[in-house]
Amino acid sequence: MTQTDFDADVIVVGAGPGGSASAYHLAKHGARVLVLEKTEFPREKVCGDGLTPRAVKQLLDMGIDTSPEAGWLQNKGLRVIGGGVRLELKWPDLASYPDYGLVRTRLDFDDMLAKQAEKAGAILHTSHNVTAPVLDADGRVVGVQVKTPGGEKQLTAPLVIAADGVSGRFPLSMGMPKREDRPMGVAVRRYYRCEAKANDDYLESWLELRSKEAGDTLLPGYGWIFGLGDGRVNVGLGVLNSSKAYQQTNYRHMLTDWLSTTPEDWGLCDESNADGKILGAALPMGFNRTPHYTRGMMLVGDSGGMVNPFNGEGIAYAMESGQLAAEIALQALARPAGQARESALHAYPTELKRRFGGYYRIGGVFVKLIGNPQVMKIATRHGMPHPTLMRFVLKLLANLTDPRGGDAMDRIINAMSRVAPAV
C-alpha cells in the first residue's frame with residue numbers, strides 16, 4: 001500500500017492531553033490525522049487540575065490562550081505545608097518555561113485541547129471505541145478495529161499513536177503489559193465549595209496528612225488543595241506503591257479523615273459543601289510500559305507510564321511526549337516505508353530516555369524513600385525550615401530547570417539526571 005491508500009497518515013487512539021497534543025502538532029504540519037475517542041465531550045477525568053509551568057509551556061506551544069480572561073486561574077507557585085511549617089515557593093524564573101502555573105478542570109480542559117487539534121486540521125471522531133489493532137503479515141500495526149455508533153469497521157494508517165491512558169488497552173492488545181518494577185500510585189479527589197480557598201494563587205501541597213480518628217497520627221501519602229476560581233476547590237491525596245498502605249487502605253475514607261483536620265471555616269469537613277463524588281485513578285509512573293515504539297505503534301502519556309514519580313504530574317509529560325511523537329512521526333513519514341522509516345521511529349524511545357530516563361530513575365529512589373511515613377516526617381521536619389533547600393526541592397520535584405546554563409541548582413539537578421542510569 002502507498003501512503004495515500006490509507007485512511008490517514010496517523011491514527012491517534014484517545015483524545016486526552018497526550019492524544020490531542022500529538023494530533024495538533026501532526027496536523028499543523030500537514031499530516032492527515034484521525035483521532036478516535038471512545039467517550040463524548042465534555043467528560044470528567046480524575047485529576048488534581050493543577051498545571052505547573054512545564055505544562056503551561058505545552059499549552060502555549062499549542063496556541064492556547066492561558067489568560068484569566070479565557071477562564072484560567074493562574075498561580076504564582078507552590079505552598080508547601082509540613083513539619084509545622086507553611087512555606088510559599090514561587091515558580092522559578094527560567095528562560096525555558098513561563099513563570100506561572102494554571103488550574104482548570106478536566107471537564108473542559110480536554111475538550112478545549114481536542115478542539116484545538118481540530119482547528120489545526122485533525123479529524124476527531126467521538127464514541128469511537130478502538131478494540132484491537134489491525135496487523136499486516138509481518139505483525140506490524142497498519143490500522144485499528146473500532147466500534148462506532150454505526151457499527152464495527154477498520155481504519156488504516158501506517159502509524160498509530162496509543163494515547164489511551166492508564167488502562168493502555170491498545171498496547172495491552174499488542175502484548176505489552178505494564179512493568180511491575182516501576183513506581184505506581186493511586187490518587188483520589190473531590191470537589192468542594194470553599195470560598196476561602198477558591199481563588200488561591202498558590203497550588204497547595206500537604207506533605208503530612210493527619211488523622212483525626214486515630215488521634216492525630218500520621219497518614220500515608222500526600223495531599224493537595226487547588227482553588228478552581230469558581231467558588232470550588234479540588235482536594236485530593238495520593239499514595240505510592242512503596243507505602244505499606246498501598247491497596248490496603250480505604251482511600252475515600254482517608255480523604256475525609258484528613259479533611260476533618262483542616263480549618264473549620266474552610267468547610268471541607270462539611271459533607272453539604274461537597275460537589276460530586278470522591279473519584280479515584282491510578283498513576284502510572286517512571287515509564288512503566290515499554291518500549292515506547294514498536295511495530296508501527298508509539299505510546300504517549302499515561303499509556304507509556306510517563307507520570308512524574310516526584311510529584312504525580314501527568315499532563316505535562318503526556319503533552320510533551322505527544323509533541324515529540326508528532327515531530328518524530330513527521331520525520332519518519334517523509335521517508336519511504338521500510339528500514340529508513342523504522343530507523344527514524346526508533347529515535348522516539350531514545351529521545352524519551354535522554355529527556356526523562358535519568359530523572360525518572362532518581363524519582364524511583366525518591367518514591368521508595370517517601371513511602372515510609374517516618375522518612376517523610378524526618379525530611380519535612382529538617383527540610384522545611386530551610387527556604388533555599390526547599391527552592392531546590394521545588395525545582396527537582398517539578399522538573400523545572402534550564403537545560404543550558406541556569407543557576408547552580410539547575411546545574412546540579414541536570415548533572416544528577418545525566419549521570420543516573422536511564423530507566
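**Entry 1: a serine in a loop**

I looked up serine 243 and found 9% relative accessibility, so this serine counts as buried (buried is under 20% relative accessible area, exposed over 50%, partly exposed in between, with a 1.4 Å probe and protein chains only). Serine 243 sits in the loop between strand E18 (232-240) and helix H5 (251-259); helices (H or I, at least four residues) and strands (E, at least two) are DSSP runs, numbered from the N terminus. Leaving out residues up to four places away in sequence, serine 243 touches Pro220 and Gly371, where contact means heavy atoms within 4.5 Å.

A reminder to myself: this is a predicted model, in which local features need pLDDT of at least 70 and side-chain atom pairs count only at pLDDT 80 or more, while totals for chains, interfaces and linings use all residues. Residues are numbered from 1 along each chain as its sequence is written, and side-chain values use heavy atoms, with hydrogens and water left out.

**Entry 2: the cores**

Next I asked which residues have the most contacts inside the largest nonpolar core. They are Val33, Leu59, Met298 and Tyr348, in a core of 63 residues (a nonpolar core is a set of buried Ala, Val, Leu, Ile, Met, Phe, Trp, Tyr and Cys residues joined through side-chain atoms within 4.5 Å). Helix H6 (residues 315-333) gives the most to this core, with 11 residues. Another core, of 28 residues, lies apart from it, and Leu89, Leu94, Ala187 and Met384 are among its members.

I then followed methionine 298: not counting residues up to four places away in sequence, its contacts include Leu159, Ile161, His292, Ala325 and Tyr348.

**Entry 3: strands**

I found an open sheet of 3 strands in the order E3-E7-E4, with antiparallel pairing (two strands pair if DSSP finds at least two bridges between them). Strand E3 (50-51) and strand E4 (73-75) are the edges, each pairing on one side only. E3 and strand E7 (residues 101-103) share 2 bridges, and leucine 51 stands opposite leucine 102 in E7.

Elsewhere I noted strand E10 (residues 141-148) and strand E11 (residues 151-156), antiparallel over 6 bridges. A hairpin of 2 residues joins E10 to E11, and valine 146 has lysine 153 in E11 as its bridge partner.
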